[in-house]
Amino acid sequence: MDKTVNQKAWFLVLPVFLVVAFSAVLPLMTVVNYSMQDTFGNNQFFWNGVGWFKELLDPSTDLGGRFLASLGRNLFFSLVILAIEVPLGIVIALSMPRQGWTVAACLVTLALPLLIPWNVVGTIWQIFGRPDIGLLGYVLNHIGLDYNYVSNDIDAWVTVIVMDVWHWTSLVALLCYAGLKSIPEAYYQAAQIDGASRWAVFKAIQLPKMNRVLLIAVLLRFMDSFMIYTEPFVVTGGGPGNSTTFVSIELVKIALGQFDLGKAAALSLVYNLIILIVCWIFYTVMTNAGVERKVQAEKEPAAEPKPSAALKPAPVLKPKEGVV
Amino acid sequence: MHSIPGRRLIMGLFLIFLMLPIYWLVNMSFKTNGEIISTMTLWPHAPTLQHYRRIFTDESWYSGYINSLEYVVINTIISISVALPAAYAFSRYRFLGDKHLFFWLLSNRMAPAAVYALPFFNLYSAIGLFDTPWAVALAHCIFNVPLAVWILEGFVSGVPREIDETAFLDGYSFPRFFIKILVPLIASGIGVAAFFCFMFSWVELLLARTLTSVNAKPIAAVMTRTVSAAGMDWGLLAAAGVLTIIPGALVIWFVRNYIARGFALGRV
């Protein structure tokens, strides 16, 4: 199914282009404008060139130190989140019931945390973790752990990470479940005839079929954890000290707290650039994975049938057409 | 074959882990503030509806819910209606700069809200939309429109091309084909996309709070009022929190059969 070339398609895309350009390009122009200037209030601006950017990338200055520290914290946070949520999400997806009303019940319960406003997620965990009125904090302190997320760095980190696992693991699980659902029953039967072990089935059938959705899951989780703001802000307020101050929290502090427009704008641009680069890497990998699959699917039918061909997902399935 | 040993136990434990904090919030919302602070009780010993009554009778509280729903609905309608034709175009045609445009859209879905908070504030103040639901609805388009295009593109690609061709041979004009044939065919996809727009607009707070002050204040921002000189009104905060969970739960119930495919954005 090859797409036809038709430049008139631009008319169909135009509304989207206008809406997104209005809300993305216009504000970004303001940011670029601010990032080159300094202000002392009263709407008076002074040209500052690349001064803010130099400061931002130099760890010895106040601004640079704060930015790089929060960036490091944020990257560490994102990696921990991915390391926990992706394997856990796969395990949960594999644990889904096969049929019956329990499937719907599990799906609805899993999706519930995703639909809670982010500040309420923060509030839930703020309450839940408090040693005086929260179940978690109360129990932990009563079994002899000195747990207090307000004053202890490590406790604050653990709380923020557990909260994110609570909030978003379902997304990974639901994505993987969707991937698993698309595997035809015949594959499993073939594997059974071949006498494949549970692990072999996972490695040869389930994991390859989940590839695509896993990529989406990793992309979404990385991006969203990289720009996390509301939940940790409500729970810890970025503290104790600065220990859970992530990039977005630092940015809002500078922009709306101190109203330091130049610095905030420079930070925004660098922040956006990092996101753009990561996004582009993922996009390329995703597009290439799509092409590879297509090529593989075209080759397979001609290839000699191998003994383990039953385990290969290629010939039966048509590759899905799509931009990605 | 499909599942792993001990799956019931794993699933059960995980669901308990998910529900426990929510249960605690619900539990607290039915307690009096005296009971919350003085004792640790696993269920409300003297159940009360006072917090809910206060929210439903005080206009500054319930108007927060109405404001939130207002901008969420506006945003969902805008996002879906502009995304539908674009999804069709991306799915069926190749045109100048299509790949770059798609990537650019996708990158906006990933842009941090914190970056846009201040420029949006300036922009919407300048055009006189500040503190209206329209400002928030338009601002949320930045991440919802790309998402809607992405999801719908997956669903449109699932419709065989022959159907378009047959319809055009039968003399359908493009708009008529679109409304009479394509839209009914991908109705479930539109439902899923609307669900996601609703979801991401409903849960976002940073932009919603920055772009409103009094008239269009979302419920999430009203909730911060529970902090007063007399200390936290925990019961009221919990009740308000519980009420924000309900719309989401209702919406999930309606799309429960499409949830799995929807989360895979229509492309499994």
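Let me begin with chain B, for which the domain assignment gives domain 1, covering 1-48, and domain 2, covering 54-263. Please keep in mind throughout that what we are looking at is a predicted model.

The C-alpha centres of domain 1 of chain B and domain 2 of chain B are 30 Å apart, and the contact between the two brings eight residues of domain 1 of chain B together with seven residues of domain 2 of chain B. On the domain 1 side of that contact, α1 (7-29) and α2 (33-38) of chain B each contribute at least two residues, and the largest share, four residues, is supplied by α1(B). If we sort the residues on this side of domain 1 of chain B by class, we find four nonpolar, three polar and one charged.

I turn now to the contact between the chains, in which 90 residues of chain B and 86 residues of chain A take part. Here again we meet α1(B), which provides 13 residues, the largest share of the side of chain B that touches chain A.

To give you a place to look in the structure, A:V5 has B:R94 in β1(B) as its bridge partner.

Finally, I would like to stay within chain B and look at a pair of helices, namely α5, residues 98-109, and α7, residues 133-157, which pack at an angle of about 130 degrees with their axes 7 Å apart. Because of that angle, α5(B) counts as oblique to α7(B), and the crossing in which α5(B) passes α7(B) is left-handed. From α5(B) the contact is made by B:L105, B:L106, B:N108 and B:R109, while α7(B) brings B:I142, B:F143, B:P146, B:L147, B:V149 and B:W150. Taken by class, the residues of this contact of α5(B) with α7(B) are eight nonpolar, one polar and one charged.

Conventions
Residues numbered from 1 in each chain as written. Chains lettered and ligands numbered in written order. Predicted model: local features only at pLDDT ≥ 70, side-chain atom pairs only at ≥ 80, totals over all residues. Domains from an automatic or database assignment. Nonpolar A, V, L, I, M, F, W, Y, C, P; charged D, E, K, R; others polar. Pairing = 2+ DSSP bridges. Axes fitted to C-alpha atoms, helices over the stretch in contact; angles between N-to-C directions. Parallel < 35°, antiparallel > 145°, perpendicular 65-115°, else oblique. Left-handed = near helix turned anticlockwise from the far one by under 90°.
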